[in-house]
Amino acid sequence: MSRKKLNIGLFGFGCVGFGLYEVLQKTPGLKADIKKICVKNQNKPREIGAENFTFDKNDIFNDPEINVIVELIDDADAAYEIVTTALKSGKAVVSANKKMIAEHFEELLELQRKHNVPLLYEAACCASMPIIRNLEEYYDNDLLESIQGIVNGSTNYILTKTFKENLSYEEALKEAQEKGFAESNPILDTGGFDAKYKLLILLAHSFGYIARPEDLLNIGINNIGGLELKYAREKGLKIKLVAQAFKNTDGNITAFVIPKFVDSNDRLFNVDDVFNGVITKTSFADEQFFVGKGAGAHPTASAVLSDISALSYDYQYEYKKIAQQEDYSLSDAVNLKVFLRHQIEDAVTLKKHFSAIDESYLNHESGYITGTISLENLRNIHFDESIDKSFVLLDIA
Ligand SMILES: NC(=O)c1ccc[n+]([C@@H]2O[C@H](COP(=O)([O-])OP(=O)(O)OC[C@H]3O[C@@H](n4cnc5c(N)ncnc54)[C@H](OP(=O)(O)O)[C@@H]3O)[C@@H](O)[C@H]2O)c1
C-alpha cells in the first residue's frame with residue numbers, strides 16, 4: 001500500500017512537541033514533515049529557528065497543504081477549539097490531551113463520523129504504551145472482563161518515592177515537583193482526575209461505554225497519610241493509584257479510580273516510577289499485562305509518532321465496541337474490601353456504613369477500619385466534606 005505524504009501543522013512545542021520534532025528527525029522513513037508550529041508565548045527562546053513558528057492558528061488552518069493537525073498543548077479548552085476546528089475542516093488530528101478528549105468524547109466521536117476524518121490519541125492514555133490500538137484491534141472478538149492499571153506517571157513516581165525512601169506523601173510530592181514530574185498545582189494528577197480521564201477513554205475502547213467524567217468516582221492519593229503508609233509497610237504492601245473497570249455480577253460495568261494496597265504477587269507491585277502498567281482480563285486469552293513509560297518527552301512522542309504513521313495509511317478507530325451496542329450501564333452494585341482512616345470522633349458513625357468489619361484500630365488522634373463496604377456507601381462518605389478520611393482499596397469483596 002502506498003503511504004500518504006503527511007504535512008503536519010503542530011500545535012505546542014513544549015515537552016512532547018519538541019520530543020516529537022526530535023523523533024521525527026530520527027525517523028526519515030516516515031513521509032511526514034512539520035510544516036508550521038503554532039505556539040503561544042512570543043518571547044520564549046526556541047530550540048529551532050523562528051521561521052518554523054507562528055502565533056496565529058489560522059496560518060495552520062488556512063494552509064491547504066497541511067493535512068494533519070498534531071495538537072500537543074497544555075490547555076484543554078484551547079485544545080478543544082483546535083481539534084474541533086480541524087475535524088470540521090476535514091483535517092486528520094492526533095492529540096495527547098486526555099482531559100479534552102474525556103470531556104468531549106461523544107461530540108468528538110460524532111465529528112469524526114460526520115466529517116469522515118480520523119482523530120487518534122494513543123499518547124493520551126498511558127503515553128508510550130499502545131493500549132488503545134490493542135483494545136481496538138486485538139480484543140475485538142475476545143470478551144473483555146476487566147481492565148485495571150496504573151495509568152498516571154506522576155502519582156506513581158510520588159508513591160514509589162514514598163515507599164523506596166520512606167518519605168511522607170508531602171515530602172515525596174515536593175521532590176516530584178522539584179524534578180518537574182509533578183505540576184506546581186498537582187491536583188489533576190494527585191486527585192486522580194487525570195487517571196479518571198484515561199479510564200473514561202479506556203472504558204469506551206474496551207467496553208464501548210461512553211461515560212461522562214462526573215459519572216466516574218476518582219479518589220486520589222492527596223489524602224494519604226501516616227496510618228495507611230504504616231499499615232502498608234508493616235505488611236510488605238505498596239499503595240498504587242489504580243484505575244479499573246470490570247463487568248459486574250449484574251452484567252453491568254463498575255469503574256473507578258481508588259488507591260489500592262498491592263502485595264508482591266500483584267503484577268502492579270513492581271510498576272514503579274513513571275512507568276504505567278495495565279492488566280486486561282479476557283474470556284479466552286485470560287490475563288495480559290502491558291507495561292511502559294507513562295510520561296516523558298520521547299516516550300510520549302513515540303505514541304504520537306505511531307499515530308502519525310497510522311494516518312499515513314488512513315487508519316482510524318472503528319470504535320468497534322461502541323458499534324456492537326452492548327446495553328451496559330454503570331453500576332455501583334459491588335462490595336469492596338477497604339481500609340478507611342478516620343478521626344476518632346467519626347469511628348462509630350463510619351462503622352455503620354460497613355456490612356462487615358475485619359479490623360478496627362484507634363490511637364490517640366485517629367484510627368482506621370478495614371472491612372466490607374458497598375461502593376455506594378463509599379461514594380457517600382467520600383463526598384462528605386465534613387469527614388476527614390482516606391480510603392485505600394484492599395480488594396473487590
Ligand atoms: N509531558 C508528558 O509526559 C505527557 C505525557 C502524556 C500526555 N501529555 C499531554 O501532552 C500535551 C502537551 O504536554 P507537554 O508536557 O508537552 O506541555 P508543555 O511542555 O507545558 O508545553 C505546552 C505547549 O503548548 C503551547 N500552548 C499552550 N497554549 C497554546 C495555545 N492556545 N496555542 C498554541 N500553543 C499553545 C505552549 O506554548 P509556549 O511554548 O509558547 O508556551 C507550549 O509550547 C498535554 O495535553 C499533556 O497532557 C504529556
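The model is predicted, with local features requiring pLDDT of at least 70, side-chain atom pairs pLDDT 80 or more, and totals for chains, interfaces and linings using all residues. Residues are numbered from 1 along each chain as its sequence is written, and side-chain values use heavy atoms, without hydrogens and water.

The table lists polar contacts, pairs of N or O atoms within 3.5 Å.

| Protein atom | Distance to a ligand oxygen atom |
|---|---|
| F13, backbone N or O | 2.8 Å |
| R46, side-chain N or O | 2.7 Å |
| D74, polar side-chain atom | 3.3 Å |

Alone, the ligand exposes 910 Å², of which the protein buries 80%; these areas come from the Shrake-Rupley method with a 1.4 Å probe.

Helix α3 (residues 76-88) packs against helix α5 (residues 105-115) at about 20°, their axes, lines fitted to C-alpha atoms over the stretch in contact, being 9 Å apart. Helices here are DSSP runs (H or I) of at least four residues, numbered from the N terminus. The helices α3 and α5 are therefore roughly parallel (an angle under 35 degrees).

Key
A polar contact is a pair of N or O atoms within 3.5 Å; within protein, one must be able to donate a hydrogen and the other to accept it, and residues adjacent in sequence count only if both atoms are side-chain atoms. Axes are lines fitted to C-alpha atoms, for helices over the stretch in contact, and angles run from 0 to 180 degrees between N-to-C directions. Helices (H or I, at least four residues) and strands (E, at least two) are DSSP runs, numbered from the N terminus. Angles under 35 degrees count as roughly parallel, over 145 as roughly antiparallel, 65 to 115 as roughly perpendicular and the rest as oblique.
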